[in-house]
Amino acid sequence: MSQAPLSIQLDLAIIGGGVAGLWLANRAKSAGFNVALFESKALGSDQTLASQGMIHGGMKYTLAGALTGASEAIAEMPKHWRACLCGEGDVNLRHTRILSDHFFMWSSDDLGSKITGFLASKITRGRVDQVHSDRRPPLLRHPLFTGSLYRLEDLVIDAPSLVANLAHNIEGRCFQIDWSSAQLNKNADGEVSISVNTGDQHIQIHAQRFIFTAGKGNAELLRELGLESPAMQLRPLQQVMVKHHHPFDFYGHCLGRETTPRLTISSHRLPDGGHVWYLGGSLAEKGAQLPADELIELAKQELQELIPWMNLEGAEWATLHVERAEPLQANFVRPDNAFIARAEGASNLLVGWPTKLTLAPNLANQAFELLQADGITPSAGTGNLHDYLPYAEIAKTPWEIAFPPAISAEEALALRFREPDEDDVE
Ligand SMILES: Cc1cc2nc3c(=O)[nH]c(=O)nc-3n(C[C@H](O)[C@H](O)[C@H](O)COP(=O)(O)OP(=O)(O)OC[C@H]3O[C@@H](n4cnc5c(N)ncnc54)[C@H](O)[C@@H]3O)c2cc1C
């Protein structure tokens, strides 16, 4: 251990490398802040890589709003993302893959007129189109399909490429933090700092502002500091993954009688090209507490009822337990905007949850407003973390983990370049 502790002074120290932290770090770097991000597992862990990638203007929530009066706070988000994806927005997402430039909403034909009437009213505002039978996606192009189908001009992005793109833009600033050798501190003035012991070096990290964007990890981080506010709520889900043999990619919600979609399907590819449908919506909410095999049975029944012409024989099934982390709301309602606020009891700490992937830009905007209000401006900063902390890696997707390749990439490569052995020689 060297004698003198090393002191690092940052403008912004962001804790948690999901979409919220990565997006904010991108904005901060562009604005000239001396920023570093600290991730305890791998970038994109927990919710971001487990998301369905839908960048929506809130239609499925305004659908709920048709019944409850929720706000349309996220209506502008798809436009914001489109600009970023074209390299013309506040964050450069030119290397993020777009899986689809639309997604579908379909309703089984027994749905009440309230919902169909609501969708019809949106058609006139140019955000929803009714899809005629000759324009249906392959999955729903079957004589047995009798529901009404709508197309939303919103996006679906590939979350792994989004995380890689955001991380690449801020290369050299995303560090792996191991809390068994690091500690959060708060001094008598309420000032937060981190101390890290690398074995060789003791490092003290100070920042004009610490920002917790650790998803469900925010509550634990606050607890470490003896703080409770802002408080968090968790929405447990159990998503279903099915690896199948159909070439059909599909992105959409099947509407039921409730305000959340009965079933949400998104499509993802495995590294070996295999097809996976990722099933969420009410199925995943109601299934959160079910044993995996019971939920899989339920998912099979739902698919059989909604798309009975699909033969899923030979498909492989798996589930994923995951929790959505949100700021605490009265009556556990879903927040319809991103949230970030100063932590009560600390002088240099902000805590945020985007509540939706879609709203990550909104969270960054709100963070910048708070920084501006507090007079936080870019400074030169001091010290260099590169020599002491490893860089954070990118996490694997849930479907990569659930359906590992039969042989590893190394083994596949070795097979291709196999040395001829004695058995091969006649
Ligand atoms: C199944 C599912 C589907 C979804 N689908 C959509 C969708 O289609 N569209 C949409 O808009 N939204 C969707 N969402 C919501 C969206 O995924 C989340 O709102 C968003 O990803 C949250 O991002 P985040 O960065 O706040 O948190 P997270 O993505 O959870 O990231 C938190 C990060 O912090 C790290 N961390 C945790 N604790 C610590 C610690 N102590 N120290 C350092 N790092 C820490 C974690 O490892 C992780 O990398 C979905 C969510 C789920 C669960």
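Five elements each supply at least two residues of the shell around the ligand: α1 (19-30), β2 (35-39), α6 (217-224), β13 (232-244) and β17 (316-327). Helices (H or I, at least four residues) and strands (E, at least two) are DSSP runs, numbered from the N terminus. This is a predicted model: local features need pLDDT of at least 70, side-chain atom pairs count only at pLDDT 80 or more, and totals for chains, interfaces and linings use all residues. Residues are numbered from 1 along each chain as its sequence is written.

**Ligand shell**
- Around the ligand are 40 residues, of which G16, G18, S51, G215 and G217 come nearest. A residue is near a molecule or strand if its C-beta atom, placed from the backbone, lies within 6 Å of it.
- The shell divides into 15 nonpolar, 19 polar and 6 charged residues. Ala, Val, Leu, Ile, Met, Phe, Trp, Tyr, Cys and Pro count as nonpolar, Asp, Glu, Lys and Arg as charged, and the others, Gly among them, as polar.

**Overall fold and core**
- The protein chain has 11 helices and 19 strands.
- Of its 426 residues, 43% are buried. Buried takes 20 or more other C-beta atoms within 10 Å of the residue's own, exposed 12 or fewer, and partly exposed lies in between, with C-beta atoms placed from the backbone.
- Among contacts between residues at least 6 apart in sequence, 74% join residues at least 24 apart. Two residues are in contact if their C-beta atoms, placed from the backbone, lie within 7 Å.
- The largest nonpolar core has 110 residues, and A13, L24 and L279 have the most contacts inside it. Helix α1 gives this core its largest share, 7 residues. Such a core is a set of buried Ala, Val, Leu, Ile, Met, Phe, Trp, Tyr and Cys residues joined through C-beta atoms within 7 Å.
- Beyond its neighbours within four places in sequence, L279 is in contact with Q239, V240, V242, L263, I265, A284 and A299.

**Helix α1 against α5**
- The axes of α1 and α5 (residues 159-169) come within 9 Å and cross at roughly 35°. Axes are lines fitted to C-alpha atoms, for helices over the stretch in contact, and angles run from 0 to 180 degrees between N-to-C directions.
- V19, L22, W23 and N26 in α1 meet L162, V163, L166, A167 and N169 in α5. The residues of this contact are 7 nonpolar, 2 polar and no charged.

- G217, N218, A219, L221 and L222 are buried in α6. Their cover includes β1 (6-15), β10 (182-186), β12 (202-212), β13, β17 and β19 (349-353).
- Just after α6, G226 takes a positive phi of about 75°.
- P230 sits in the loop between α6 and β13. A cis peptide bond joins S229 and P230, with omega about 10°.

**Backbone exceptions**
- Most residues other than glycine have a negative phi, and most peptide bonds are trans.
- D46, in the loop between β2 and β3 (54-55), has a positive phi near 70°. D46 is buried because 21 other C-beta atoms lie within 10 Å.
- T355, in the loop between β19 and α9, has a positive phi of about 70°. T355 counts as buried because it has 24 C-beta neighbours inside 10 Å.

**Q366 in α9**
- Q366 is found in α9 (residues 360-373). Q366 is buried because 20 other C-beta atoms lie within 10 Å.
- The C-alpha atoms of Q366 and F339 are separated by 7.8 Å, with the residues 27 apart along the chain.
- Leaving aside neighbours within four places in sequence, Q366 is in contact with A338 and I340.
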